[in-house]
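Have a look at the structure first, then read on.

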Amino acid sequence: MKSPLSWALLGALLFGSIAAYPWGGEGTDDRAIGMVAQLRPDYAPWRAPVFEPSEQVEKWLFVFQAAVGGAVVGWAIAQRRRA
Amino acid sequence: MHIAEGFLPFAHAAAWTAAAVPAIADGLRQLNRRVAEDRSQRYLLAAAAAFTFALSALKLPSVAGSSSHPTGVALGTILFGPRIMSVIGTLVLLFQALLLAHGGLTTLGANAFSMAIAGPWMAWAVYKLLARFGTAPSTFVAAFAADLFTYTMTATQLALAFPAADGGFAASVSRFLGVFGVTQLPLAIFEGLLTVFVLRSLQPQTKEALA
């Protein structure tokens, strides 16, 4: 386990699989929107997202993001250990 | 803590953006100076950015069928200070708003203020305050506090925009805190532990670095 590549893969796998696991449960960011609707039922967002992926695509974008982040953290750790 | 696109009224969105911009501009100058001084910092910079990038997208389960995500800002704050971390955090939020429909451009200023400015400054203050207890304990509490403070800030921002009909701002802030509070607590502990672990892993292992 010396090469930066294996560290990167390890990081990607670790973070990616945590993100991919179907934990369930409603996210707090969504619940906050629900609370806005409760407090101000008449409020309508005045701008829509630039790009709105389907739920399935969104899930994998999050997995991708976690995996890429994990890979870079792993890679950086390997670089520091070799330094 | 990502307030969704369009979910702050225009005046609020503009005010938070105006509040965030000077801090980010200042951080950008700091960042340029730091990287110009020492190019070996770029691995750490990549790690700090990637850590926030991954953690702020990592939806984790919590109590009572709820889930939320950590923020990961304490690592970069301890490595680079809160001023530089504000740039890193904002870049991550911008990317998420543009490509992942997570957060938004109109709410970027508010989200940057909570996650990339308030969170890191809290992490920094706690880290400095507890430094004499050693790196690991101060890192843990710094990350824990930054996580919770970021969500408290978000609750405050939402409550300012949407005061309750009965009880106004105070009632509203407690309701938004109710949304985040209990869910966030276990995640803040997890974030604290993970930050300690990653920070320790990033320390150079050679005698050259020990010198």
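What radius of gyration would a compact globule with 211 residues have, and what does chain B have? The globule would come out near 17 Å, and chain B has 17 Å, so the two agree. (The radius is taken over C-alpha atoms, and the globule rule is 2.2 Å times the number of residues to the power 0.38.)

Before you go on:
- This is a predicted model, where local features need pLDDT of at least 70, side-chain atom pairs count only at pLDDT 80 or more, and totals for chains, interfaces and linings use all residues.
- Residues are numbered from 1 along each chain as its sequence is written, while chains are lettered from A and ligands numbered from 1 in the order in which they are written.

**Chain B overall**
- You'll find eight helices and two strands in chain B (DSSP runs numbered from the N terminus: H or I of at least four residues for helices, E of at least two for strands).
- Starting at the N terminus, the order is α-α-β-β-α-α-α-α-α-α.
- Along the principal axes, its C-alpha atoms fill a box of roughly 65 × 35 × 30 Å.

**The α4–α5 pair**
- Helices α4 (residues 82-99) and α5 (residues 108-129) of chain B pack at about 145°, axes 9 Å apart (axes are lines fitted to C-alpha atoms over the stretch in contact, and angles run from 0 to 180 degrees between N-to-C directions).
- Among the residues that meet are Leu93(B) in α4(B) and Trp121(B) in α5(B) (contact means C-beta atoms, placed from the backbone, within 7 Å).

Conventions: Two residues are in contact if their C-beta atoms, placed from the backbone, lie within 7 Å.
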